[in-house]
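Biologist: Can you walk me through this one? I would like to start with the ground rules.

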Amino acid sequence: MPGKLKAKIVAGRHLPVMDRASDLTDAFVEVKFGNTTFKTDVFPKSLNPQWNSEWFKFEVDDEDLQDEPLQVTVLDHDTYSANDAIGKVYIDIDPLLCTEAASVISGWFPIYDTIHGIRGEINVLVKVELFNDLNRFRQSSCGVKFFCTTSIPRCYRAAMVHGFVEELVVNEDPEYQWIDRIRTPRASNEARQRLISLMSGELQRKIGLKVLEMGGNAVVGYLQCFDLEGESGLVVRAIGTACTLDKLSSGSAPNTNTHTHPNTAPASNACNSPSKDGKEPVFGEDLLSSSGPPTPFRALPTSSSSPPPPFSPSKPCSRQSSSSDTDLSLTPKTGMGSGGSVGKEAGPLKTLLRQQTQTALEQREFPFFTLTSFPPGFLVHVGGVVSARSVKLLDRIHNPDEPETRDAWWEEIRQEIKSHAKALGCHAVVGYSESTSICEEVCILSASGTASILNPRFMREGCLDIGIADHRFEEPSPPSCGFCHIPYDELNMPFPAQLTYCYHCRRQKVPDVLFTTIDLPSEASVTGKGCLIQARLCRLKKKAQGEVNATAISNMLPFMEYELHTQLMNKLKLRSMNALFGLHIQISVGENMLLGLASATGVYLTALPAPGGIQIAGKTPGDLSNDHISTIQKRINDTIAKNKELYQINPPELNEELVGSPIPEPRHRSRLFRSHSESSDEVSELDLSHGKKDAFVLEIDDTDAVEDIHSLLIDAPPPSGFYSCNTEVMPGINTWTSGVQMFTSVRVFRLSNANLTNQGLNKIFTDLCENLLKSFYFKLRSMIPCCLCHLNFTVAVPEDELIQVAVTAVAMTFDKDQTQEKPAEKPITKGSGDTEEQLQFSMELCADSSLANSQPPSKISGVPESSNISSRDRCSTWLELLRLKAHTIRRGSVKTISSLERSSPLPDGRSRSLRSTRSFGGTSVTVVKMTPLSFLPGTRIIKYLGIINMFFIRETTSLREEGGVSGFLHSFIAEVFAMVRAHVAALGGNAVVSYSMKECVFMENPNKNQAQCLINVSGDAVICVRESDPEATPSMTNSAQSCSSETDTAT
Amino acid sequence: MAVELDVFVGNTTIMDEEVYKLWLDGYTVNDAVKVRMEGGVMEECEASADVLLSDTMDQYRTFQMCERLLHSPAKLANQLLFQITPHRQAVLIERYYAFDDAFVREVLGKKLSKGTKKDLDDISAKTSVTLKSCRRQFDNFKRVFKVVEELKGPLVENIRQHFLLSDKLGRDYAAIVFFANNRFETGKRKLQYLTFQDFAFCAGQLINNWTVGAVDHMVEDMDVDLDKEFLQELKELKILITDKDLLDQHKSLVCTALRGKTKAFNEMEANFKNLSRGLVNIAAKLTNTKDVRDFFIDLVEKFIEPCRSDRWTAADMRLYLTHYTNSAHILDTFKHQVVWDRYMGVIKSCIFKMYHD
């Protein structure tokens, strides 16, 4: 059934002069949707035309409404020759298709031309009337809400989290079609922009269909990416997390996070069982039967007996298998495992719980979640980072309608991830993201996430609503440290690890170091502040072609991952921290080098043991003078001490005696997987076998190693008054004030020296990143005290000797005085869900733990060698493991590597909007704030208006005249911001949250005075009001609601 | 090995006022970096020279991109490219249109033409304002001049509305436009001691009292052109010096009032006729464009210099002119009181302003 799209062209302003003779313009407008075009009259001789056109009406399928953008072209009328195009505006009308959203888009849009940039503005009004469509075979999915935000959007409540959705579409890239040789660059750019707009519309529609099939009504953490494969085509792919969201009434909106049950009892609702009507929260007795039928998905027809096909049949390659064939021997136990394998664990009930959950999740093809932060209680345990990479050779996509090859590639990677997670004893992967790096015909596909165990409550219908805490099963994990507890079986660990009893609850085992791709859970208790930690690596590679090249690259990957990991670990220790959040490792491929950049936010988790120091050792005693070693050692110790002070890491002392035997000894930290666990209180002998040692040993066996150590020490801490992190917010800072400055910075570095060594390259790359950070601090110094949040670095090798680094982040001010106090309170408040007894207990513990910490350093000095060896061992086993899994596929070879990683999922798409209340901002132009975070400090989001997902190309043939490459890119980025703001304002919004620049491809040819750049950005358009402004909410919401109800009836 | 491309773009455009000033003053990027380093910003944030260079280049680029908008400041408010707070916009505009007194003094009263623009090198050398800055200031004058030239309504208001300037700056520009339009001579050596502010004040007086706009509020050029009728009427004042009786009568009235009130009384008495002739002759000649141009030089030569050589104080001057003006009202046969007041009101305040070292 169709809908009716109506558009009205009101006026233009600031148009460029198109007629030199009169210094004026005779402008008219073409409005095009699908194949229908309307024109306005010519408004002669004006730079500020007032067309005030009639309503142009398009009667179209809702499928088209989802796929197509409305295309508005402004032209200059010329009596004698062809009309000259001034520029275009593409308006995504998807936001109008959602019932909860706006019924109108209205505002000034910049008129954009791919050659000249922004050329004036045009005022457009767009409305949609949708007719209800009950056809169950429909191809459209109007009404499904999309969010880039990787947490449950603030004014919603997750009634149910359905799980992973993915889709990809492929096409030929117009830039590489034969016709491109004869058309103008403008025509070619426009063809590309339009195609990508169409493809992303289609993609979103298809994902929407899957969501509807699953019974959901929204996609959260929507991440859409483009792969510009050059000759072989154009791929647009997206992943996200399907959810059923309920809108919170305006009153409770601000408390999104508090409304649910404390994460007390995952066990209680352990869902099990085939309860046919999902609503009945039956647990307990029939738990055992769970291994049978799947937990019902809400989307399914309810009968649990039918095999759950969670994905639409149209999806290629959908598999049912839960225990994947890629599982290698390392899988300690599968979810289906019999009670026996888990016997050591706390008790049968917990085992059951695990089984239930796993069962529930394993029914899904991929138990992945693109979310990075969760409702309280959702995340039970965290295992560690899992990642997989695969090198592929691209070949032409012959049939755009059958994207099987690409699908199959991702399918493989996802299976890898799934089996890695399983190896960690985890049934799910959170903070999941996918990315690619392409150079010529080689493509590296990467996926990463955090293996974890989730509370099944959220996957079951109705469970959330009932505050069921079935006290028959006591949840032993105290809320604030539960996620740190290992999920795997300590007798059967997937890798050697040092376990200790949790420093918070003392009941469960925790690892000595925890790496994750997610944000710090809100309940986690942290000592001191966090900081950005980056590992940077450059590796030269011979130029090669085809398969040889692919093999070379895939052989290098494990070593790069290993080295990045070692760097991260060292830097973490140097800062005296024990956990990484938001880990994102990017490996970028160029013709003659590979770049690796790992970013994460380090913190000191109170529940984890204090990290040991770093011990320097010569390979053999005579190798290097002891003086030299001791100098370095001293520098390192000093740095650690300084960092402790800088980041206010003063863990409460923990007395070893008091704690007793179960304090195990952290040793090495190169752990790849980490986890959470429910392991029992009793078993502790195992750990002891590792001996007590607290030093991490670095061996100086050659000059390289010396260099490495130097480079370790190079990272300058942020200047005072600044903090930085790549997670949403800085652990340890809670007092945000309203200052917000989002920025994008791009640097391209040209390597002039052809004879560079790996060392030299590393140095250059490190300096590049460090200098960028320094520049940020300097530029933003007026905001002190402030924190750079969500620092998202993207590296690329656009040409042979170029390294490109693009950063998007937000600087936020905070109130310094209050920060000091909060961290201290935090551990205490954390425990609130617990009984008082527990609370006290935990406090004592905290106090104890720092005591113990103070001891270790003195003991370190001993035994460097041996521990060092064991760390190597561990790594090598790990590498072997990887090797085991690596297998060649088709033309390319595949290697997968599990490691820690995380990427910030920044999805995109488009969505619904609402009627706009343009009451913000005093000037004639609405002020639109932008942030990569999911919120704006000091404000409350009262309405999500839909996804912003925009793709622009800009090209110039007069590079010098536009100020060189910097001038060109500077104005382009400014233009992109302007267009995003204009679209948000036209939807009635005043902010963009979860903003990200996902693509910034820059190419230049200075000799020809030419350059081209492609940028893809996305985010969620929202309306927010000041928190202190209680009045605004109801009124605005009301107006919004009344609008949406209008739409409702229309639908 | 070099940074080939380096940009930083904030959602809210970041502008450092110090760098803006350096840019406006026409410093090159490298010179600006030097100045900033000497200014000590580096210590503020542990920055290096590279960081400073990168920041300065970014800011310069931003300013260059904004410059187009600054040419028609009204656009700055509703353009979409840069998100700049209204307060910041006002600062940008105000600073962009600000000028150096030394520079403006050189071009005041000159025709804002290409010819003058060619002389900017010399002016730059003379005033040690960089050529770049001279050009900007000159172009600003010209731009404002062109825009308001053909507008109806009060000059200051027009300038303020079109260029969103503060009241003070609006008045200064009105003065510049007024001087350029009437081509007042300000460059002679004898006038060198006068500052731009002296002239701006005088221009304000002339605009408010002697232009067409002083009587009719809706004519074109109302504030730019002097009121021709008024200038004609000024000729009538000649009677004050041609009629011997009147002159004597006037003198005795003034002297009576002044006696004993000032040390310079003797000089005043002795010079009365000369001074009065000077002022009235200036009035009578103003119908000639040439003499209008020489208005200020005449004031100085015919009135201010004689008084100064007689060592009148500013208070003496005040006293004298007040009585000189008021006494004319008592003269029975003098019928041109209104014109006299309109004339002397301006003359008085101009001379007060101009009477200094």
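Modeller: Here is a short tour, from ground rules to cavities, cores, a helix and a loop.

Modeller: This is a predicted model, where local features need pLDDT of at least 70, side-chain atom pairs count only at pLDDT 80 or more, and totals for chains, interfaces and linings use all residues. Residues are numbered from 1 along each chain as its sequence is written, chains are lettered from A and ligands numbered from 1 in the order in which they are written, and side-chain values use heavy atoms, with hydrogens and water left out.

Biologist: How many helices and strands are there in chain A?

Modeller: Chain A has 16 helices and 33 strands. These are DSSP runs numbered from the N terminus: H or I of at least four residues for helices, E of at least two for strands.

Biologist: And what percentage of chain A is buried?

Modeller: 66% of its 1051 residues. Buried means under 20% relative accessible area, with a 1.4 Å probe and protein chains only.

Biologist: Switching to cavities. How many turn up?

Modeller: The search of the whole structure gives 15 of 30 Å³ or more. A cavity is a set of points, on a 1 Å grid over the protein atoms alone, where a 1.4 Å probe fits but cannot get out; lining residues have an atom within 4 Å of a point. Points are joined across faces, edges and corners, and volume is the space filled by probe spheres set on them.

Biologist: What is the volume of the largest cavity?

Modeller: About 390 Å³. It has 29 lining residues, and A:Y90, A:D92, A:N949, A:M950 and A:H983 are the closest to its centre.

Biologist: Which element gives the most to that lining?

Modeller: β31(A), with 6 residues. By class the lining holds 18 nonpolar, 7 polar and 4 charged residues. Here Ala, Val, Leu, Ile, Met, Phe, Trp, Tyr, Cys and Pro are nonpolar, Asp, Glu, Lys and Arg charged, and the others, Gly among them, polar.

Biologist: Where do the lining residues of the second largest cavity come from?

Modeller: α15 of chain A, plus β1 (2-10) and α4 (49-71) of chain B, each supply at least two. Its space is about 140 Å³. B:F8, B:V9, B:G10, B:T13 and B:I14 lie nearest the centre, out of 18 lining residues.

Biologist: Now the cores. Which residues touch the most other members of the largest one?

Modeller: A:L70, A:I122, A:L605, B:Y320 and B:Y343, in a nonpolar core of 248 residues. Such a core is a set of buried Ala, Val, Leu, Ile, Met, Phe, Trp, Tyr and Cys residues joined through side-chain atoms within 4.5 Å. α15(A) gives the largest share, 15 residues.

Biologist: What does B:Y343 touch?

Modeller: Among others, B:W210, B:F230, B:L279 and B:I282, leaving out residues up to four places away in sequence. Contact means heavy atoms within 4.5 Å.

Biologist: Next, α12(B). Why call it largely enclosed?

Modeller: Because 12 of its 16 residues are buried. Among them are B:Y173, B:I176, B:F178 and B:F179. The helix (residues 167-182) reaches 22 Å from first C-alpha to last, close to the 22 Å expected. That expected span is 1.5 Å times one less than the number of residues. Just after the helix, B:R183 takes a positive phi of about 55°.

Biologist: Last one. Is A:G612 buried or exposed?

Modeller: Buried, at 7% relative accessibility. A:G612 sits in the loop between β21 (593-605) and β22 (614-618) of chain A. Its C-alpha is 9.8 Å from that of A:D512, 100 residues apart along the chain.

Terms used. Buried means under 20% relative accessible area, exposed over 50%, partly exposed in between (1.4 Å probe, protein chains only). On a 1 Å grid over the protein atoms alone, a cavity is a set of points where a 1.4 Å probe fits but cannot get out, and a pocket is an open set with protein on both sides within 12 Å along at least five of seven lines; lining residues have an atom within 4 Å of a point.
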